[in-house]
Every structure is written in C-alpha cells, then in structure tokens.
Amino acid sequence: MSKLDIIIAPDPILRTTAEPISEVNSSIQALMEDMLKAMYDAQGIGLAANQVGLAKRVMVMDVADEADEKESPNPLMMANPELIWTSEEDSSYEEGCLSLPGQIAEVVRPAEVKLKYLDQNNTLQEIQAGGLLATCIQHELDHLNGILFVDHISRLKRDMIMRKVKKIKATRESEKGNFKSL
C-alpha cells in the first residue's frame, strides 16, 4: 500500500471533473484500498479520488458509527458512480470535508438517493440510501464533479471558510518547509 496525501483547498484538482474508468482492475482496487486507509487515518467518512490528486471517478466511504462498538466498519468502494434518482424531500446535515480541514456548514441536499456504480470487483451495483449515507454519497459525488460542499452555502459563509482554509494550508506548508532532517 502506498500512502496517499489528502489535497487541501484551494487546489485546481478539487475543481476538476474526474474521468470515468474503463474497469475496476487490480490498480483501481489498490487505489480504493489506499483511499480507504487515508480516509480512516484522517478520521473521515468519505473520500473521492481527486482529493488525493487523481482525476478518476472513484470514491470510498464508511459511515459506520465508531462510537457504537457493535457496528463494525462497512466500507463502500465505488467507481463511475451515477445518481439515477433523488427524492423531492430534502434534509440538512452539518458537513465537513477532509480537503477543508476543521470547517463545517449546514448543507441541504435530497434526503434519499439511488445510485449505480461499479464495486471493487467490477460488478455493477445499485444502492438506495437515506440519512448520512445519502449525504455522504452526494458529497463525494460532488467532489468527482469538481464541486465542494461550500458551493452549496451562501457566498459570505463560503468566503469566510475559504479564507480560513487558505490560512491553514499556508501554515501547514510553512511548517513542512521549516522541517529539517537530521
């Protein structure tokens, strides 16, 4: 497994529409596994390939509740995901993003979705989801389309969040630059 770094906004790859893949082969399976590891390491519940610098239509997620000891990890690995239905009813969740560290905002999205995708075995699947899973699916699918969760909120809130993220990114980059190996 190779270690993947999560891209912090602003970065052009996060605004790129990801390209479909031809099939889920061993290299895509390895990418999915590496993405899951990066997501778990960052304590996230979803990750899209362009968040790790690859413009491929691949996303992973796991909305299992870590606080519930009875609930074990339940990862979903998806390639070429495509929404085929969304409910007319909306729901709102406070969303955050690994590419916008420490930032959250309330986002309104369809309450339920139906999605088709290729799983890690290159098998066509369909899933209907509500609640947090539906929100996570839509959030990660947005990433694959070059959209961030802040694009769904007011311009004022978006601008405030993006200023904070730019400061966080600049601080992290300067800390990396000041690191001296022995």
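A salt bridge here is a side-chain nitrogen of Lys or Arg within 4 Å of a carboxyl oxygen of Asp or Glu. This is a predicted model, in which local features need pLDDT of at least 70 and side-chain atom pairs count only at pLDDT 80 or more, while totals for chains, interfaces and linings use all residues. Residues are numbered from 1 along each chain as its sequence is written, and side-chain values use heavy atoms, with hydrogens and water left out.

Q: Which residue meets glutamate 126 in a salt bridge?
A: Glutamate 126 lies in strand β7 (residues 124–130), and its partner, 12 residues apart, lies in strand β6 (residues 112–118), so that the pair links distant parts of the chain; helices (H or I, at least four residues) and strands (E, at least two) are DSSP runs, numbered from the N terminus. The N to O distance is 3.7 Å, and the partner is lysine 114.

Q: Is lysine 114 buried, partly exposed or exposed?
A: Buried means under 20% relative accessible area and exposed over 50%, with partly exposed in between (1.4 Å probe, protein chains only). Lysine 114 has a relative accessible area of 28%, and therefore counts as partly exposed.

Q: How far apart are the closest N and O atoms of aspartate 159 and arginine 155?
A: Aspartate 159 and arginine 155 are four residues apart in helix α3, which means a separation of about one helical turn. Aspartate 159 is partly exposed at 32%, whereas arginine 155 counts as exposed at 62% relative accessibility. The two residues form a salt bridge, and their closest N and O atoms are apart by 3.7 Å.

Q: What is the N to O distance between aspartate 41 and lysine 37?
A: Both aspartate 41 and lysine 37 lie in helix α1 (residues 26–41), four residues apart, about one turn of the helix. Lysine 37 is partly exposed, with a relative accessible area of 41%. The side chains of aspartate 41 and lysine 37 meet in a salt bridge at 2.9 Å.

Q: How many salt bridges does a search of the whole structure find?
A: Salt bridges that share partners join Glu95, Arg109 and Asp142 into one network. For the whole structure, the search gives a total of seven.

Q: How many charged residues are in the lining of the largest pocket?
A: Asp, Glu, Lys and Arg count as charged, Ala, Val, Leu, Ile, Met, Phe, Trp, Tyr, Cys and Pro as nonpolar, and the others, Gly among them, as polar. By these classes the lining of the largest pocket has 16 nonpolar residues and nine polar ones, and its charged residues number 14.
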